[in-house]
Amino acid sequence: LAAAEAVHLPAAARRWFRQALSRDLCVLREAGFIDYSLLLCIVYLDPAADEAAREAEARRLEDLGGLRDALGGRFYFVGVIDCADRWNLAWAKFNLELRARLALAGHPWPGGA
């Protein structure tokens, strides 16, 4: 990932984001969801706009819940989406069959256990 494309959050925003994401994932895990995605939306402030217009837009984006990047020119909106399926007996059976086939083919299960 090029430096210009990387997400640059200030330390406090980075801590808040990690805690919020961790809480969301715990809720999904406890509810039995096994298929979900993380959506990242990046909004760029108009570099051609005057300072007052940029600050007004920045306040509006902050009010909408955007996280301002450490460099000041972007806002991030993040969410967990596409909660499609819950862990159930069919998935447990599929998981066991997949592990067995991998073991028979001499391939270890990804991640160990």
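A disulfide is a pair of cysteine sulfur atoms within 2.5 Å. The structure holds 0 of them. C26 is partly exposed at 30%. C41 is partly exposed as well, at 37%.

This is a predicted model, in which local features need pLDDT of at least 70, side-chain atom pairs count only at pLDDT 80 or more, and totals for chains, interfaces and linings use all residues. Residues are numbered from 1 along each chain as its sequence is written, and side-chain values use heavy atoms, with hydrogens and water left out.

Start with the overall layout. The protein chain has 3 helices and 3 strands. Helices (H or I, at least four residues) and strands (E, at least two) are DSSP runs, numbered from the N terminus. Read from that end, the elements run α-β-α-β-β-α. Contact means heavy atoms within 4.5 Å. Among contacts with a separation of 6 or more, 64% join residues 24 or more positions apart.

Now the surface. Of the 113 residues in the protein chain, 17% are buried. The chain exposes about 8,200 Å², and carbon and sulfur atoms supply 60% of that area. Accessible areas come from the Shrake-Rupley method with a 1.4 Å probe; for residues, only the protein chains shown count as cover.

V7, L38, L40 and V78 form it, with about 310 Å² of accessible area together. Patches are made of residues with over 30% relative accessible area and no salt bridge; like charges are joined within 9 Å, nonpolar side chains (Val, Leu, Ile, Met, Phe, Trp, Tyr) within 5 Å. V7 sits in the segment before α1 (11-31). V7 is partly exposed, at 42% relative accessible area.

Charged pairs come next. A salt bridge is a side-chain nitrogen of Lys or Arg within 4 Å of a carboxyl oxygen of Asp or Glu. The whole structure has 3 salt bridges.

Take E55 and R68. Their side chains meet in a salt bridge at 3.4 Å, N to O. This pair links distant parts of the chain: E55 is in helix α2 (residues 51-63), R68 is in strand β2 (residues 67-68), and they are 13 residues apart. E55 is partly exposed, at 28%. R68 is also partly exposed, at 24%.

E57 and R60 form another salt bridge, with the closest N and O atoms 2.8 Å apart. Why are E57 and R60 separated by about one helical turn? Because they are 3 residues apart in helix α2. E57 is partly exposed at 28%, and R60 is partly exposed at 43%.

The pair D69 and R74 also forms a salt bridge, the closest N and O atoms being 3.2 Å apart. Is D69 buried or exposed? D69 counts as buried, at 4% relative accessibility. R74 is buried too, at 6%.

R74 has a further partner. This arginine lies in strand β3 (residues 74-81). The side chain of R74 makes a polar contact with the side chain of Y76, at 3.4 Å. A polar contact is a pair of N or O atoms within 3.5 Å; within protein, one must be able to donate a hydrogen and the other to accept it, and residues adjacent in sequence count only if both atoms are side-chain atoms.

Terms used
Buried means under 20% relative accessible area, exposed over 50%, partly exposed in between (1.4 Å probe, protein chains only).
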